Amino acid sequence: MKQVFLETFGCQMNVADTDRMEFILFHSGYRRTWEKEDADLILVNTCSIREKAEQKTFSLFGGLKPLKAINPNLILGLTGCMGQQDGEKMLKRMPFLDFVLGPDQVEGIGKAVNRARESEKSFVWTGFDSKKIYSIPEIPGDLPQKPGPSAFVNIIKGCDKFCTFCIVPFTRGREKSREPDELYQEIRHLIKHGAKEIILLGQNVNSYGKRGLTNPIPFHELLYKIEEIPGLQRLRFTTSHPNDFTRETIRAYRDIDVLVNHLHLPIQSGNNEVLKSMRRDHTVEEYLELIDELKSEVPGVSLTTDIIVGFPGETDAQFQDTMKIMERIGCSSSFMFSYSPRPGTPANEFKDSVPEETKRQRLQEIIQLQNRMTEEQGKTYQGKTVEVLIEGKSARPGYSLKGRNPQYWRVNAKDSEGRYQPGDMVQVRIEQTSGHGLSGIIQ
Ligand code: 5AD
Ligand code: SF4
């Protein structure tokens, strides 16, 4: 039996792509190993959203190179966004690579591995698939592993927004949605194999169904249809763009029981001039109007967001606007980043005027602010009972299980009699909070 070692950097889309490659390779006789040294094939699924992710990849490959010397039959492939962006450059920089595959070529992983086995010459496959519709065909037969209680389903790929700082539209191409019937089938299949929660994935899920589908339906209608699938206990989606997030979707939150009370809605900055220069095409006021409506229609909804500090030209006053907006929104947690110039993006041509030290300080400040808000919100759960979908074993001493509540807080659960297992939905009485984590006893 041949063995494949898989490493993933970046977003949930990349995690889903790695899972798909594992699945395809499983059907060509590969089993996953967690030991690089045992592998016949090593794939690194890369991310180019920020420079730091790229640096981590290069340092990982530095460690993989000697393995090739030990095992000359080892095949080494670089997949994902770094490959899409700079395929030939990757081969030049790392001539020990056998191939580079772009994110739109995931379905061709089997063929790529075969070609690498047959030929000495390294190659780059980074063409975008020319079909209008995005399809992930079903492969009959066993799954390499059972899906977890919470499973991802890609509904749309690519992005047409072209925010000036972002590399994604270049690495993942234009928006393409999957046919609804293909999605229902996949969700039914996952539920049959044990999934309880489905997380719909896409760079901009709210744009689902806008173009290309034979039976086009908008995103909110897709939610209503998925709700009807028997056995589904929780539904989530990520990521959203404020401009495509509709009032109908707010109503769907209110109407659909399985749609959990959590929304991840990136704002990026709290200043209108910065938003304009980022080409986000909405104002702070429009964002606030949207979330105020959501909060009033869906009591108890929790919000998370993405923030970039140190965007070119961001003044101290503009940064303070972001701090103010963060307090006003009151997210339970945020993904916070220091701006990283990305070659090929429009913002890369702007003067990167904010010194690194200032970016670092601003990042520290918003992290501190977010931590304080997270802690305050965490305390409101103290003594309360929350519903938790058990996803696995907890690493926290004294707590055997872990999962999440509907609002996406991590919860450690004490199950003194060992009655529960992953996939169970339990009620947990919260006795302690720390960071973005809650801990308590199963009732
Ligand atoms: N620099 C810093 N953060 C970025 N993001 C995207 N591109 C960049 C960049 N060049 C962040 C945004 C986005 C999240 C996925 O990554 O906040 O929402
Ligand atoms: Fe990037 Fe903007 Fe598209 Fe999100 S919406 S993937 S930030 S271009």
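Reply: Two strands are said to pair if DSSP finds at least two bridges between them; strands are DSSP runs of E with at least two residues, helices are runs of H or I with at least four, and both are numbered from the N terminus. This is a predicted model, in which local features need pLDDT of at least 70, side-chain atom pairs count only at pLDDT 80 or more, and totals for chains, interfaces and linings use all residues. Residues are numbered from 1 along each chain as its sequence is written, chains are lettered from A and ligands numbered from 1 in the order written, and side-chain values use heavy atoms, without hydrogens and water.

Strand β15 (residues 385–393) has an antiparallel partner in β18 (residues 425–434), to which five bridges join it. One of the residue pairs is V388 with V426 of β18. β15 is also joined to β16 (residues 401–404) by four bridges, again in antiparallel order. There, L389 has R404 of β16 as its bridge partner.

Among the helices, the axes of α1 (residues 12–26) and α4 (residues 109–118) come within 9 Å and cross at roughly 60 degrees; axes are lines fitted to C-alpha atoms over the stretch in contact, and angles run from 0 to 180 degrees between N-to-C directions. M21, I24 and L25 of α1 meet I109, G110 and V113 of α4, where contact means heavy atoms within 4.5 Å. These residues comprise five nonpolar, one polar and no charged; Ala, Val, Leu, Ile, Met, Phe, Trp, Tyr, Cys and Pro count as nonpolar, Asp, Glu, Lys and Arg as charged, and the others, Gly among them, as polar.

Ligand 2 is surrounded by C159, K161, F162, C163, F165, C166, V168, P169, Q203, H241 and R280, each with a heavy atom within 4 Å of the ligand. Seven residues of this shell are nonpolar, two polar and two charged.

Two cavities of 30 Å³ or more are present. A cavity is a set of points, on a 1 Å grid over the protein atoms alone, where a 1.4 Å probe fits but cannot get out, and lining residues have an atom within 4 Å of a point. Points are joined across faces, edges and corners, and the volume is the space filled by probe spheres set on them. The largest cavity holds about 50 Å³ and is lined by I156, E175, K176, S177, S207, K210 and R211, of which four are charged, two polar and one nonpolar.

Conventions
On a 1 Å grid over the protein atoms alone, a cavity is a set of points where a 1.4 Å probe fits but cannot get out, and a pocket is an open set with protein on both sides within 12 Å along at least five of seven lines; lining residues have an atom within 4 Å of a point.
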